[in-house]
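Visitor: I would like to learn how to read the features of a protein model, one at a time. Could you show me the structure and then take me through it?

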Amino acid sequence: MHGEIIGMDEADHIHEQLGKLVEIHIPDAVVAFTSGSLPYGAAVRGDSDIDVNVILPADTLPDDALFDRLSDFIGGYRKLHSQYGMRLDRRYPGEYFTIDQAHDAAAGRGVPVINGAPELPRQLGDSYWNTSEGTWYLAWMGALAFSRHVAGNRDVLTGLRRQAWTTVVALCLPDLSSGDFKAEDVMARILDQDHPNGGFGVHPGYRRFAELEVPHCRQALADLTARGVLGHQGDGSFVVDDDELLRWAADLADLHQSGFDAASLLTVTSSLRLAV
């Protein structure tokens, strides 16, 4: 029925069928995963789509053979939406990028660096996403962090997810640096859509988000503590080392200058070939 929430059992079936479609039509995929509302028990029948992301080998060529394979996959993906009463995103029927692009996204390639400091865009509308393929990296960072495996190499996704989570948490730290904080405070910041710098593609309506993602948040806090960006207090809280956070930001700025070099698989123009 239109407007009803798709439960986790049904979401499991969707993920299983989606995985089979990837294995049939894109067998060389490094890994495929979902993001968005479906993995968190928040997809709404008739309104939500299945946010699928497919990571391809670094040497994948954007030739006719690739578009034929992706088009065949999208045909089955479209039927899957119809089968479960979901609304297909006809402009972007899935995200397709290489493993090199995935590593760049997880490390923060999509995060604007202004005057040496990373910032999140304050308003993200269609015009922003359609400006250039470079802006897609920000969406992929959130998708990698907040993901559910569908097909391919789980270990690859685990590593990318850990890196993306660490980047997301580091971006939240300027808002948490005035005092001690805990993982729950980071989760609240990530879910705060009303924050002047916006959220990360998730919101409080994702009912199981905190339950499923807080372990990844804690791992990111541990990773940033090991780097020296955070100090760990005896009561389980954290404090920001401002100098180390500035060093992290400077490292990200350096990556923007010379470290991000993954070639684009698709462009805004070529991706139109996949629209349905």
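Visitor: What should I know before I start?

Guide: This is a predicted model, in which local features need pLDDT of at least 70 and side-chain atom pairs count only at pLDDT 80 or more, while totals for chains, interfaces and linings use all residues. Residues are numbered from 1 along each chain as its sequence is written, and side-chain values use heavy atoms, with hydrogens and water left out.

Visitor: How are helices and strands named, and how do I read the packing of two helices?

Guide: Helices (H or I, at least four residues) and strands (E, at least two) are DSSP runs numbered from the N terminus. Axes are lines fitted to C-alpha atoms, for helices over the stretch in contact, and the angles run from 0 to 180 degrees between N-to-C directions. Angles under 35 degrees count as roughly parallel, over 145 as roughly antiparallel, 65 to 115 as roughly perpendicular and the rest as oblique. In this structure, helix α6 (residues 154-172) packs against helix α7 (residues 183-190) at an angle of about 90 degrees, and their axes are 10 Å apart. The helices α6 and α7 are therefore roughly perpendicular to each other.

Visitor: Which residues of α6 and α7 make the contact?

Guide: Contact means heavy atoms within 4.5 Å. On the side of α6 the contact is made by Trp 165, Val 168, Val 169 and Cys 172, and on the side of α7 by Val 186, Met 187, Arg 189 and Ile 190. For classes, Ala, Val, Leu, Ile, Met, Phe, Trp, Tyr, Cys and Pro count as nonpolar, Asp, Glu, Lys and Arg as charged, and the others, Gly among them, as polar. By class, this contact of α6 with α7 has 7 nonpolar, no polar and 1 charged residues.

Visitor: At what angle do α3 and α5 cross?

Guide: The axes of α3 and α5 cross at roughly 85 degrees and come within 8 Å. Gln 101, Ala 102, Asp 104, Ala 105 and Ala 106 of α3 make the contact with Tyr 137, Trp 140, Met 141 and Leu 144 of α5. By class, the contact of α3 with α5 has 7 nonpolar, 1 polar and 1 charged residues.

Visitor: Which residues of helix α3 are buried?

Guide: Buried means under 20% relative accessible area, exposed over 50%, and partly exposed in between (1.4 Å probe, protein chains only). In helix α3 (residues 99-107), the buried residues are Ile 99, Gln 101, Ala 102, Asp 104, Ala 105 and Ala 106, and the buried residues of α3 pack against β2, β3, α5 and α6. After α3 comes Gly 108, whose phi is positive, near 110 degrees.

Visitor: How do I read a pair of aromatic rings?

Guide: A pair of aromatic rings is described by the distance of the centres and the angle of the planes. Rings of Phe, Tyr and Trp (its six-membered ring) pair if their centres lie within 6.5 Å, and planes under 30 degrees apart count as stacked, over 60 as edge-to-face and the rest as tilted. The structure holds 11 aromatic pairs. One of them is stacked, formed by Tyr 40 and Tyr 206 at 5.8 Å centre to centre, with 15 degrees between the planes. This pair links distant parts of the chain, 166 residues apart, with Tyr 40 in the loop between β1 (31-35) and β2 (51-56) and Tyr 206 in the loop between α7 and α8 (209-227). Tyr 40 is buried, at a relative accessible area of 1%, and Tyr 206 also counts as buried, at 11% relative accessibility. The rings of Tyr 92 and Trp 136 have centres 6.2 Å apart and planes at 80 degrees, so that pair is edge-to-face.

Visitor: Which residues do ring pairs link into a cluster?

Guide: Ring pairs link Tyr 40, Phe 146, Trp 165, Tyr 206 and Phe 209 into a cluster.

Visitor: Is Leu 80 buried or exposed, and which residues does Leu 80 touch?

Guide: Leu 80, which lies in helix α2, counts as buried at 3% relative accessibility. Not counting residues up to four places away in sequence, Leu 80 touches Ile 14, Gln 17, Leu 18, Leu 21 and Ile 50. Leu 61, in the loop between β2 and α2, counts as exposed at 55% relative accessibility.
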